[in-house]
Amino acid sequence: MPQNIPLKLPAVVWNGRYKAHAVPKQHPESSHRVDVILEALKKNKLLSEENGVCVWRKYSHGLRLCHSKAYVELVEKACASLNKGEVAFLPTGDVTIVRESFSVAQDAVSSVCLGIDLVMQGDFPSAFVVVRPPGHHAESEKGMGFCLFNNVAIGARYAQHAWGKSRVAIIDWDLHHGNGTEEIFLKDPSILYVSTHQRGIYPGTGQEEVRGKKGEHIINIPIEGGPSSRSALLDFYLNELPERLLEFKPELILISCGFDAHKLDPLGGFTLESEDYGEMTRALVKISASLSNCPIVSVLEGGYNLDALRESSVAHVLGFMH
Ligand SMILES: [Zn+2]
């Protein structure tokens, strides 16, 4: 590892074959999303040979940490049955697949596991894992919402199994509720799952406010779309979340980092500014400092406006450094 890495620069990890999950051009979850994030980070000197890690290695057991054997085989077979260039829907839900999708989704999971390795080894205090397809809608036996495998949930289990971490917090600030993450950890109090999401939209779960009593591990906060959403989100992340995290005492913080809560996003009605992602990130870094520098690994979820992705990802990575 080079010696001249600024102390607080996060690792930026991405899946080398992300373009091979080649959904049609008009699909919102296109490979341009990752293209523009990587370009923006490079342009702002936040991604270089010193902190950039392109992943080609597969962690073969990762998928089964959170998904059934039958579901993994279903995805593998559904993709393998397609001809080169053919596009289809996954049988369980609204996920566009091509022949290479299974393999690319495995690489996304591998990228998350590698990001966790990098922070656990102490190479970096934090990591931003820029992957597609996203993951938080994928349940243990059901892919949906552009998601095949639950990247962040598998990351949490991987940290427990490979690194002996007993308590992991997942902070999900994507516009949508992470129904998959909730389903996977509903009965597992070793994982704290916190989700803010727009009330009344896809996937329809998480609509009842569950702030949770002390010690409860699922916190769902639906928020009305519109101009008031920005202050509601910032108030939660800056003023309420710190106490909840300090009470849970995680040994790893994972972020389900959707940039679709941005005001420019075409899919929702939240009104975050790009810089707010930096503010929310700084709040988490501050909490981490109070938790013996608990590592943070952020994993890309949604976000479908390319300008918002550029600006928000730069603000997010800068947030790790201040
Ligand atoms: Zn989303």
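Biologist: Where does Asn293 lie? And why is Asn293 called exposed?

Modeller: Asn293 sits in the loop between α7 (274–290) and β10 (296–300). Helices are DSSP runs of H or I with at least four residues, strands are E runs of at least two, and both are numbered from the N terminus. As for exposure, a residue is buried under 20% relative accessible area, exposed over 50% and partly exposed in between, using a 1.4 Å probe and protein chains only. Asn293 has 57%, so the label is exposed.

Biologist: What should I keep in mind about the source?

Modeller: This is a predicted model: local features need pLDDT of at least 70, side-chain atom pairs count only at pLDDT 80 or more, and totals for chains, interfaces and linings use all residues. Residues are numbered from 1 along each chain as its sequence is written, and side-chain values use heavy atoms, with hydrogens and water left out.

Biologist: What makes the backbone of Asn293 worth a remark?

Modeller: Its phi is near 55°, a positive value in a residue other than glycine. Most residues other than glycine have a negative phi. Phe146 is another case, with phi near 70°. Phe146 lies in the loop between β5 and α4.

Biologist: Is Phe146 buried or exposed, and how do you know?

Modeller: Phe146 has a relative accessible area of 18%, so it counts as buried.

Biologist: On to the metal. Which atoms count as donors to the zinc ion?

Modeller: Donors are N, O and S atoms within 2.8 Å of the metal (3.2 Å for Na, K and Ca); water is not among the atoms, so sites may look incomplete. Here the zinc ion is coordinated by Asp174 (OD), Asp174 (OD), His176 (ND1) and Asp260 (OD), at 1.9 to 2.8 Å. In sequence the donor residues are spaced D-x1-H-x83-D.

Biologist: Why is this site called irregular?

Modeller: The 4 donor atoms make angles of 52 to 155°. Four donors are tetrahedral if all angles lie between 85 and 135 degrees; four are square planar and six octahedral if opposite donors are over 155 degrees apart and all others between 65 and 115; anything else is irregular.

Biologist: Why are Asp174 and His176 called buried?

Modeller: Asp174 has 1% relative accessibility, so it counts as buried. His176 has 8%, so it is buried too.

Biologist: What makes a set of residues a nonpolar core?

Modeller: Its members are buried Ala, Val, Leu, Ile, Met, Phe, Trp, Tyr and Cys residues joined through side-chain atoms within 4.5 Å. The largest core has 50 residues, and Leu41, Val130, Ile171, Trp173, Leu245 and Leu284 touch the most other members. Helix α6 (residues 229–248) gives the most to this core, with 7 residues. Apart from it lies another core of 49 residues, among them Cys79, Ala153, Val168 and Ile184.

Biologist: Which residues does Tyr158 touch?

Modeller: Contact means heavy atoms within 4.5 Å. Leaving out residues up to four places away in sequence, Tyr158 touches Tyr59, Leu65, Cys113, Ile116, Asp117 and Trp163. Tyr158 lies in helix α4 (residues 151–163). Its 13% relative accessibility makes it buried.

Biologist: How do you know that the size of the protein chain agrees with a compact globule?

Modeller: The radius of gyration is taken over C-alpha atoms, and the globule rule is 2.2 Å times the number of residues to the power 0.38. For 322 residues a compact globule would come near 20 Å; the protein chain has 18 Å, so the two agree. Buried residues make up 61% of the chain.
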